[in-house]
Amino acid sequence: MRLSYCLLIFIFIAGCNTNNENDGKDSVELKYKNITETRASVNFLPIKMYSEVMKSFETNDTFKVNLYETKQTFKYLIKINYKQLDAEDTLRIPNFGINPLIEIKKGDKRPSCIVGFFDEHKQFRESKMVSYEDSEIKIHVLKHYAVTTYQDTVK
């Protein structure tokens, strides 16, 4: 009987002495490829275009929204033209560790469009709405996005 108790104690002690694969880390490390903050070359042609023809009794006006690359990888220039009015704005995309993929979709009102981007799960994220109301080009921020990284300094 005494031998069985000693054997159980030995098995218990051996079972408690397992190697921890985390090595004391309380975080999950996600590995993304490193994307530079600046582009090596900038394409000066529009990389995305949206146009909508608005017919009226007098003229046919075209509502145009074009997106252009800038020197910064995650920043784009938005140029809008409608009824001899011009406007500019910027679109900033968070760094998800993937190359930015931007898109322009038709808005609910006429004329309008939604400018946004695709996240790392290929889901469209709307950022700004561009529209024409009350004889003015309007740009509304729909949502703000950010990516944060946390680093545990306690060892």
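Mentor: Strands β2 (residues 60–69) and β3 (residues 75–82) pair in the antiparallel sense over 6 bridges. The model is predicted, so local features need pLDDT of at least 70 and side-chain atom pairs pLDDT 80 or more, whereas totals for chains, interfaces and linings use all residues. Residues are numbered from 1 along each chain, and side-chain values use heavy atoms, without hydrogens and water.

Trainee: What makes β2 and β3 a pair of strands?

Mentor: A strand is a DSSP run of E with at least two residues, numbered from the N terminus, and two strands pair if DSSP finds at least two bridges between them. With 6 bridges, β2 and β3 therefore count as paired. Val-65 stands opposite Ile-80 in β3.

Trainee: Why do β1 and β4 stand at the edges?

Mentor: The open sheet of 4 strands runs β1-β2-β3-β4 with antiparallel pairing. β1 (48–55) and β4 each have a single partner strand, so one side of each lacks a neighbour in the sheet.

Trainee: Which element gives the largest share of the lining of the second largest pocket?

Mentor: That element is β4, with 3 residues. A pocket is an open set of points on a 1 Å grid over the protein atoms alone, where a 1.4 Å probe fits, with protein on both sides within 12 Å along at least five of seven lines; lining residues have an atom within 4 Å of a point. The lining includes Thr-90, Leu-91 and Arg-92. The volume, the space filled by probe spheres set on the points, is about 180 Å³.
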